[in-house]
Structures are given as structure tokens and as C-alpha cells.
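Biologist: Please walk me through this chain step by step. Keep it brisk.

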Amino acid sequence: MRDKTIDYILRATWQAVSRLYNEEASKFEGSMAIGFALLSIDKEIGTPSSAISNRMGMEATSLTRTLKALEEKGLIYKKRNPQDGRGVLIYLTEFGKQMREQSKQTVLQFNEIIHKNISSEKLQTFMEVADTINDLIAEKKIF
């Protein structure tokens, strides 16, 4: 196939972004998944574990492994949800808050560099195209 397909471009770009984030996270003995999980946890009031998987767009079973890694690294701790005895709230430790801030700065730096190198008009078009692709998929209009 000589011409690149849209799905190839999306996949290759996401793999490059993922590799970039993982390389940066490895400097702090982390991973992209850990960084995004930290960013999905409210730094003050905690977050229900079910909300984290929704925010990250991942399956609950994958999130369980990520949360276990976060706990083992001393980044989070869990408490029973006082409003729902079946649920658990996830809180950041002080170290978790520091690493969350590092993750936040990494994402902001990525966005800043992209904004400096791509015009607002092109980025707006990119966002519109991505939204349309996501809508087509959600509405099951492709397959």
C-alpha cells in the first residue's frame, strides 16, 4: 500500500506520542499510563476508581494493574467511599502529588511545542476531524 491510510496515520502518530511520553516518564521510573492515571485523580478530594477508567478510556481490568503499580510505588492510597460502601476512593500521596505535577508539566510542554509549530487554524481543523472520526465510530457508522 503506497498511500498511507487514515488509520495508519492515527496509529503511527499515537505510537510516536506514546513512545515520547514513555521515554520521558522512564526518567522518573514511571510510564505514560501511570502519568495519565495520576492526572485523572483529583489531587484534593480523591477520585472514585470507576471514574478513573472512564477518564482514561481504559477497561477496568487494565486500570486495576495500573492502580496496583501506583500503590506499590507509593503514589496513591485507597479508602472506602463513605457515600457508597461498595466503592473505593483513590487519593494521591504527597509523592503522588509531586509526580502528578511532573506529569502535568510534561503534557503542557508537549501542547506548548505543538501550538508553537502548528497554526491555530490547522489545530482547529485537526480537532474537528478527530471529533468527526470519534462520532462516526461512536454512532457505528463505519462498520
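Modeller: First, a cut-off. A residue is buried under 20% relative accessible area, exposed over 50%, and partly exposed in between (1.4 Å probe, protein chains only). This is a predicted model: local features need pLDDT of at least 70, side-chain atom pairs count only at pLDDT 80 or more, and totals for chains, interfaces and linings use all residues. Residues are numbered from 1 along each chain as its sequence is written, and side-chain values use heavy atoms, with hydrogens and water left out.

Biologist: What percentage of the residues in the chain is buried?

Modeller: The C-alpha trace spans about 55 × 35 × 30 Å along its principal axes. The chain has 143 residues. The buried share of them is 24%.

Biologist: In what order do the elements run from the N terminus?

Modeller: Helices (H or I, at least four residues) and strands (E, at least two) are DSSP runs, numbered from the N terminus. The chain has six helices and three strands. Read from the N terminus on, the order is α-α-β-α-α-β-β-α-α.

Biologist: Which residues of α4 are exposed?

Modeller: Start with the buried ones: L63, T66, L67 and L70. They sit on the same side of α4, because they cover an arc of only 100° around the axis (taken from the directions from the helix axis to the C-beta atoms). An α-helix has 3.6 residues a turn, so residues three or four places apart point the same way. On the other side of α4, the exposed residues are T61, T64, R65, K68 and E72.

Biologist: What span is expected for α4?

Modeller: Helix α4 covers residues 60-72, which is 13 residues. The expected span of a helix is 1.5 Å times one less than its number of residues. From first C-alpha to last, α4 reaches 18 Å, close to the expected 18 Å.

Biologist: Which elements are included in what covers the buried residues of α4?

Modeller: Helices and strands both take part. Two helices are included, α2 (32-39) and α3 (49-56). Two strands are included as well, β2 (76-81) and β3 (84-92).

Biologist: In what order do the strands lie in the sheet?

Modeller: Two strands pair if DSSP finds at least two bridges between them. Two bridges join β1 to β3, and six bridges join β2 to β3. The edge strands are β1 (47-48) and β2, each pairing on one side only. The sheet is open and antiparallel, in the order β1-β3-β2.

Biologist: Which residue in β3 is the bridge partner of P48?

Modeller: Look at β1 and β3, which run antiparallel. T47 stands opposite I90 in β3. For P48, the bridge partner is L89.

Biologist: Is S103 buried or exposed?

Modeller: S103 is found in helix α5. Leaving aside neighbours within four places in sequence, S103 is in contact (heavy atoms within 4.5 Å) with G35, L38 and L39. Its relative accessible area is 15%, so S103 counts as buried.

Biologist: How far apart in space are E112 and V88?

Modeller: E112 lies in helix α5 (residues 94-117). At 42% relative accessibility, E112 counts as partly exposed. E112 and V88 are 24 residues apart in sequence, and their C-alpha to C-alpha distance is 35 Å.

Biologist: What is the phi of E29?

Modeller: Most residues other than glycine have a negative phi, and most peptide bonds are trans. E29 is in the loop between α1 and α2 and is exposed, at 65% relative accessibility. Its phi is positive, in a residue other than glycine, and lies near 55°.

Biologist: Where is K140?

Modeller: K140 has a positive phi too, near 55°. At 67% relative accessibility, K140 counts as exposed. Its place is in the segment after α6.
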